[in-house]
Amino acid sequence: MIEIENVTKIFRTKAGTVEALKDVSLKIEKGETYGVIGYSGAGKSTLVRCINFLETPDIGAVTIDGTRIEIDNEKLFLVKDGEKTRLSEKSLNKLRSSIGMIFQHFNLLDRSNVFDNIAYPLKYTGKSKKEIHDRVFELLELVGLESKVNAYPCELSGGQKQRVAIARALANNPKILLSDEATSALDPDATESILNLLKDLNKKLGVTIVVITHEMGVIKSICDRVAVMEKGKVVEEGRVYDIFSNPKQPITRKFVNSTSSLSKVDELVKKDSPLVKSQAGESRLYRLVFDKSVNNPVISEVSRKFNVDFNIILANVEAIGDQTIGAMIVKLSGEDKAIDAALTYLSATKVRVEAV
Ligand SMILES: Nc1ncnc2c1ncn2[C@@H]1O[C@H](COP(=O)(O)OP(=O)(O)OP(=O)(O)O)[C@@H](O)[C@H]1O
Ligand SMILES: [Mg+2]
């Protein structure tokens, strides 16, 4: 659906040049909800803005639903049947209209009511007044905001504003919806309801969604796959479950830990908290990681079998899609030999065991 190949984008300012994207390649399938996560300045917004050409890459290729655009020196070329021609303004606009976008600060027209905000992109499409009216009400129903049709943006909550923005972005039936930090300005309840709405729209309309965020919670709740960006590069990419259960890059680990209470253990160890303090020979501290292959009650089983006690200090079980992944920090007490045997047994049952 979306293919980005070897895209580089350099911003040249008086203060110097910034290489915002360095040879980035990725592929997003039709109907997928794809996440892009990274810290501020990583290049996330630049990357999605290259998908709808709000930003022109310096070099690379971007293919949208079969239409391949090659970029050479910031000039856009359409590649069709092996032939390369300059992309016309008309074709560029057509391509852009097949992509909707929503933003952190909603970008609504403050002086227009909800109806006019949503109707805005329909204005120049040659539709009749009646067609526009019907389409706006269809969109209002889709985002659950019929009762606010005459309200002005200043009369709406953040979540409601974002619903208007989503309706507006979907007005012309785009195949792709780009979301740049759409929930970053919202409270947790509104965030959840907007994420649920996006998930719903993805299912109902089959629209491919690209979600940019700096919060792993957003990725976890709606994305199928995720790319992790750092300093203009995609450093890790994969299915959300795999990234959560086995993050490889240090930055990915940091993001994964940010949504889990388990990361607190490192703090506790550093502070030498009594919670995690082990008295020599008496108890030992371990991190146990459970994934989809573990679904039997291993802790009680191992406790009985080897006569060791598990004191659970921290535990966290995540639901990702319809799979769960969990980890806990445990203090094991018992005879040294028994503990070693218990750990060996746990490892054999696919529980990942790490000494803390
Ligand atoms: N129009 C511009 N002119 C000059 N530099 C820019 C421009 N837009 C972005 N940059 C620079 O490019 C880099 C990537 O910016 P980008 O906005 O893509 O990051 P981001 O990952 O979206 O960050 P944030 O999470 O803060 O939104 C940054 O160093 C930024 O300062
Ligand atoms: Mg950004």
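**Reading contacts, a ligand shell and salt bridges**

Biologist: Which residues is T208 in contact with, leaving aside its neighbours within four places in sequence?

Modeller: With those neighbours set aside, T208 is in contact with M1, I28, E29, K30, G31, E32, K175, I176 and L177. Please keep in mind that this is a predicted model. To read such a list, look up where the residue sits and how covered it is. T208 belongs to strand β10, which spans residues 208–213.

Biologist: Is T208 buried or exposed?

Modeller: T208 is buried, because its relative accessible area is 0%, and the cut-off for buried is under 20%.

Biologist: How do I place one residue in the setting of the whole chain?

Modeller: Start with the totals. The protein chain has twelve helices and 16 strands. Its C-alpha atoms fill a box of roughly 80 × 50 × 40 Å along the principal axes. Of its 356 residues, 47% count as buried. The accessible surface comes to about 18,400 Å², and carbon and sulfur atoms hold 48% of that.

Biologist: What share of the contacts with a separation of 6 or more comes from residues 24 or more positions apart?

Modeller: That share is 65% in the protein chain.

Biologist: Let's turn to the ligand. Which residues are around ligand 1?

Modeller: The shell is made of F11, T13, V18, A20, Y39, S40, G41, A42, G43, K44, S45 and T46. A handy next step is to sort a shell by residue class. Here the residues divide into five nonpolar, six polar and one charged.

Biologist: Which elements each supply at least two residues of that shell?

Modeller: They are β1 (2–13), β2 (16–28) and α1 (44–51). The element that gives the most is α1, with three residues.

Biologist: And where do oxygen atoms of ligand 1 come close to N or O atoms of the protein?

Modeller: On the backbone side, an N or O atom of A42 is 3.2 Å from a ligand 1 oxygen, and one of G43 is 3.0 Å from a ligand 1 oxygen. On the side-chain side, an N or O atom of K44 lies 2.7 Å from an oxygen of ligand 1. As for cover, ligand 1 on its own has 640 Å² of accessible area, and the protein covers 61% of it.

Biologist: K44 is also in α1. How many of the eight residues of α1 are buried?

Modeller: Six of the eight are buried, so α1 is largely enclosed by the rest of the structure. The buried ones are K44, T46, L47, V48, C50 and I51. After α1 comes F53, whose phi is positive, near 60°.

Biologist: Which residues are linked in a network of salt bridges?

Modeller: The network links E5, R68, E70 and K84. Within it, R68 counts as partly exposed because its relative accessible area is 25%.

Biologist: What is the N to O distance between the side chains of R12 and D58?

Modeller: These two meet in a salt bridge at 3.2 Å. R12 is in strand β1 and D58 is in the loop between α1 and β4 (59–64), so the pair ties together parts 46 residues apart in sequence. R12 counts as exposed, at 54% relative accessibility, whereas D58 is buried, with a relative accessible area of 10%.

How values were computed
Residues numbered from 1 in each chain as written. Chains lettered and ligands numbered in written order. Predicted model: local features only at pLDDT ≥ 70, side-chain atom pairs only at ≥ 80, totals over all residues. Heavy atoms only, no water. Near = heavy atom within 4 Å. Polar contact = N/O pair within 3.5 Å; in protein donor to acceptor, adjacent residues only side chain to side chain. Areas by Shrake-Rupley, 256 points an atom, 1.4 Å probe, with all protein chains shown as cover. Helix = DSSP H or I, 4+ residues; strand = E, 2+ residues; numbered from the N terminus. Nonpolar A, V, L, I, M, F, W, Y, C, P; charged D, E, K, R; others polar. Buried < 20%, exposed > 50% of the residue type's maximum accessible area, 1.4 Å probe, protein only. Contact = heavy atoms within 4.5 Å. Salt bridge = Lys/Arg side-chain N within 4 Å of Asp/Glu carboxyl O.
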